[in-house]
Amino acid sequence: MTSVKEQEAIRKLMVFLQEWDNAHRAARSCILDNFIKSNDGKTEPELELEFSQGASLFLARLTAWLRMTYMYSTCLNKLLKSIGIFLSAASGRRYLIEFLEIGGVLILLEVLGLNHLKEEDKRESVRLLQLVADGGRKYKELICESYGVQSLAEFLATSSSAEAQEDVQVLLVSLGRGNPKYQNQVYRGLVAVLPCASPHAQQLALQALGAMQVGRGPGWGPRATVGFHACPSYPGGGQSRPPCPSSRRTRWERPPPPWCSPCWARCAPRTRSSSAQTRPPCARGSPCRCTFSRQLPQEPSGVYGLSRCSILAKESAEVAEELIQLKVVHGLVVAMGNLDHVASQRHASISLEDSPETWYTKMDPIQAEELASNIVDIPKDMAMMQSTEETNPGAS
């Protein structure tokens, strides 16, 4: 038999729940404000004491309202923060399970894809996803199985909030660690961010890739990245994706290579046609094809990609062959001709095994112009040779 004190606590709980059920948006917003102010940082036992062992009843109401209103930004930030109090409560694993049972992960991922929502709402959604991932390996797998990596990669590439991008980076690194089933998927997701228009997102993606490789063997990670599409584009663009997993994209597209195309484009010499002038007669005779080119500022982020090409090529002959087929050699040769960017010359030389420590330092402007204007197409030349051999098998 319950005591008088317990009966009174239960009565207060029922009054509170009825107040929530009957309240309109403005009243519910005030209830959420008071809840956040008085319960932030509490543990599971403390929350249960506050709600007379009925905290799950209030959590169920919060998650139900979230499902009905998240697309309309109805007190969304306060609602997510209130749910976060339950998910972050020490010893509150059962709250996490209850949240996941109503499809909480899919809702949080959907929030990231809604363009009309505020960045602070999306950041709070990322924070809750981090709390889910902190639950352990099976929860990380659940996020990945819900196409979370694709959603997070796209949000990292398109977000206008540097703080939100940094939170996403931490979450992606977390998903890539202690999650062997989906670590390559996370790696590809980070690679897909590299060609995006946000320099900060590119930097964070590169840092995350480096963090994931710490302590790994040389055969992990890079092999999985070669040949995957380098742009986080999904059906419907920036629009919200359907919550049904079967309707989402299930695999990554192929070419161009993720590291090389955007990287040699940044490190290659660029010329303004309006400022190009004919070079005076040189020792090579007339007419001379060399031109003066006004070098524009270069993007140092491309150097990291050229360095990665070198690592990929050295680790596996198979990978090196695939890089050749993807026409990487042309880009590397162009980068070697960039006299204004020594770092890109050096890394391109390393990838081509061309005396990298000294060769580029002895290059004159004419040699640089020849490299920058090269039209090397090894795959095309190899195909022509193969065709010739098949046509004239006795020629050789």
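# Reading aromatic pairs, burial and helix packing

Reply: F16, W20, F35, F51, F58, W65, F86 and Y95 form one aromatic cluster. This is a predicted model, in which local features need pLDDT of at least 70, side-chain atom pairs count only at pLDDT 80 or more, and totals for chains, interfaces and linings use all residues. Residues are numbered from 1 along each chain as its sequence is written, and side-chain values use heavy atoms, with hydrogens and water left out.

Me: How many aromatic pairs are found in the whole structure?

Reply: Rings of Phe, Tyr and Trp (its six-membered ring) pair if their centres lie within 6.5 Å; planes under 30 degrees apart count as stacked, over 60 as edge-to-face and the rest as tilted. The search of the whole structure finds 10 such pairs. One of them joins W20 and W65, with 5.5 Å centre to centre and 85° between the planes, an edge-to-face arrangement. This pair links distant parts of the chain, 45 residues apart: W20 belongs to helix α1 (residues 4-22) and W65 to helix α4 (residues 55-69). Helices (H or I, at least four residues) are DSSP runs, numbered from the N terminus.

Me: Which class describes the pair of F35 and F86?

Reply: The ring centres of F35 and F86 are 5.5 Å apart and the planes stand at 15°, so the pair is stacked. Here too distant parts of the chain are linked, with F35 in helix α2 (residues 25-39) and F86 in helix α5 (residues 76-87), 51 residues apart.

Me: Are W20 and W65 buried or exposed?

Reply: Buried means under 20% relative accessible area, exposed over 50%, and partly exposed in between (1.4 Å probe, protein chains only). W20 and W65 are buried, and F35 and F86 are both buried as well.

Me: What lies over the face of W65?

Reply: A charge sits over a ring if NZ of Lys or CZ of Arg is within 6 Å of the ring centre and within 35 degrees of the ring normal. In this model R28 lies over the face of W65, 5.1 Å from the ring centre.

Me: How is the packing of two helices described, and what is the case for α5 and α6?

Reply: Two packed helices are described by the angle between their axes and the distance between the axes. Axes are lines fitted to C-alpha atoms, for helices over the stretch in contact, and angles run from 0 to 180 degrees between N-to-C directions. The axes of α5 and helix α6 (residues 93-101) come within 8 Å and cross at roughly 135°. This makes α5 oblique to α6, given that angles under 35 degrees count as roughly parallel, over 145 as roughly antiparallel, 65 to 115 as roughly perpendicular and the rest as oblique.

Me: Which residues of α5 and α6 meet?

Reply: Contact means heavy atoms within 4.5 Å. From α5, I83, F86 and L87 meet Y95, L96 and F99 of α6.

Me: Which residues does E124 contact, apart from its neighbours within four places in sequence?

Reply: E124, in helix α8 (residues 119-133), is in contact with N77, L80 and K81 when those neighbours are left aside. E124 is buried, with a relative accessible area of 9%.

Me: How many residues of helix α12 are buried?

Reply: Helix α12 (residues 183-193) is mostly covered, with 9 of its 11 residues buried. Among them are Y187, L190 and V193.

Definitions and conventions
Helix = DSSP H or I, 4+ residues; strand = E, 2+ residues; numbered from the N terminus.
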